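Let's take a walk through the aromatic rings of this protein. Have a look at the sequence and the fold before reading on.

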Amino acid sequence: MIVSFQPELRPELPVVFGAKDYREFRATLEEMDRILTATGIEERFITNRIEALGCDLTPKRRRWHWRTFRMALRYSILLGITEDSHRELSRRVADSQIFQWFTHTTFIDGVRPVSKSTLERFEKMFSDEDISQLIHDTNRAMSDEAVAKELLYRETALRFDEIFADTTCVKANIHFPVDWVLLRDGTRTLIKAVILIRAKGIKHRMGDPETFLRDMNKLCIEMTHVRKKPNAKRMRKGIFRRMKRLMKVIEKHAMNYQHELEARWTETDWNEFEAQVVLERIKNILDQLPQAIHQAHERIIGERRVSNKDKILSFYEPDIHVLVRGKAGAEVEFGNALYLAEQADGLIVDWRFIEEQPPGDNKLTTASIKRITKEYETPESYTGDRGFDSPENRIDLEALDIVNAICPRSVPLLVEKLEDEEFCRLQKRRGGTEARIGIFKNAYLGSPLRSKGFKNRRTRIEWCILAHNLWKLARMAALRREELEAEIAHAA
């Protein structure tokens, strides 16, 4: 039997006068708490996670897991809502009563917020499948009229019959440009690893490592300042040749220290895992360095273009791509494609974060409809921009008896479609999907997304989708409750 904390031990929030922005934020968090608890979504989610651990847990251990999983869930939601770093959120929870109340970190003997490292572990505690299922469970709960009436204060339940889709690029946290700047990134990683090794008493013939950092930084500054000078092209080539010579020296020192650490790590106070982490940092750079130097040489010395598929964009993010999207603010973007589909009220119901080079938008439609049908129901309409249009999609949507509100590429067909009032209505509503993507990227993910590694970025995106949907539902409930209270006050 799972034993949760007694509700009466949860302290009441203080009454705050004025501060309209705070009161709106607080009302939204309170509605989010009601949605998680009143629907039983949170309890079922935590219970399933505990049962997956096995049936041999003691009652005390079950209570510990219950509290830990609940805090992990709620802290991860707050990360999505606030867009704070782990360190910043850890400080804010320690200082904010509303955050302490939401995360259940206030006890009789004091407040017990968690550290930034624990926050990072919380974010990775559940699998992507668990988070995805939680998102769909939350959405489906609002399709019940009784639940919608109790929690959203509306007579009709949410519907999932109209789908609006679009794609975007989730930018990676990398430097630009990506040719000679890679040498600076490689220098920093290698020299910092060498400094760590030397601090543990393992030394090889080498001068002050900080000198190499300063020398590379000076060359980078020269490279950026030479752009507008006469003979800039010749000067850039000269500076890059000096960079290559410096990089070869740094590479040699890094290899020496790599061999020394492999042979003598037992002389340090590191355990084997800690030593391996440092070795992996060095190996990651050394393995990619020859290609990075060749890439920069081709572009600066040889003045030849390098194919996108052959480029190293970052030493630390191997799964990102060059996405030529032709947007006004960015002709070319570096990152991964993200497909999002929302329903009429703005809840995200389907998504796909694409690790490989993304296919055309029209290749994503059929698979998305299958996923939506599996989790909800077959939609009545599907709306997208002209990038989603293709003969195959027209055939598939017609076969499924789904209204095709995708903007056609063909001008004559578009003219014909514009005579249809339903098509015009759905396309007009699709404009809000563009805003939805902007809000999701800027207010939830952050620009750029700070998580490292494709798997961690995908997990972060799913937490942000859950936070977005809960926030959307909570705002709907809070606004509707204010309207009802105003009506009652007016009638009185």
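This is a predicted model: local features need pLDDT of at least 70, side-chain atom pairs count only at pLDDT 80 or more; totals for chains, interfaces and linings use all residues.

Residues are numbered from 1 along each chain as its sequence is written, and side-chain values use heavy atoms, with hydrogens and water left out.

Now for the ring pairs. Rings of Phe, Tyr and Trp (its six-membered ring) pair if their centres lie within 6.5 Å; planes under 30 degrees apart are stacked, over 60 edge-to-face, and the rest tilted. That rule gives twelve aromatic pairs. One of them joins Tyr 75 and Phe 122, which is tilted because the centres are 6.0 Å apart and the planes sit at 40 degrees. Tyr 75 belongs to helix H3 (residues 59-82) and Phe 122 to helix H6 (residues 116-123), so this pair links distant parts of the chain, 47 residues apart; helices are DSSP runs of H or I with at least four residues, strands runs of E with at least two, numbered from the N terminus. Tyr 75 and Phe 122 are both buried.Back to Phe 353 and Phe 454: they make a stacked pair, 4.8 Å centre to centre with 5 degrees between the planes. Phe 353 lies in strand E6 (residues 348-353) and Phe 454 in helix H17 (residues 454-491), so the pair ties together parts 101 residues apart in sequence.

Ring pairs also link Phe 45, Phe 69, Phe 126 and Trp 463 into a cluster. The charged end of Arg 49 sits over the ring of Phe 45, 5.1 Å from its centre (the test: NZ of Lys or CZ of Arg within 6 Å of the ring centre and within 35 degrees of the ring normal).

Key
Buried means under 20% relative accessible area, exposed over 50%, partly exposed in between (1.4 Å probe, protein chains only).
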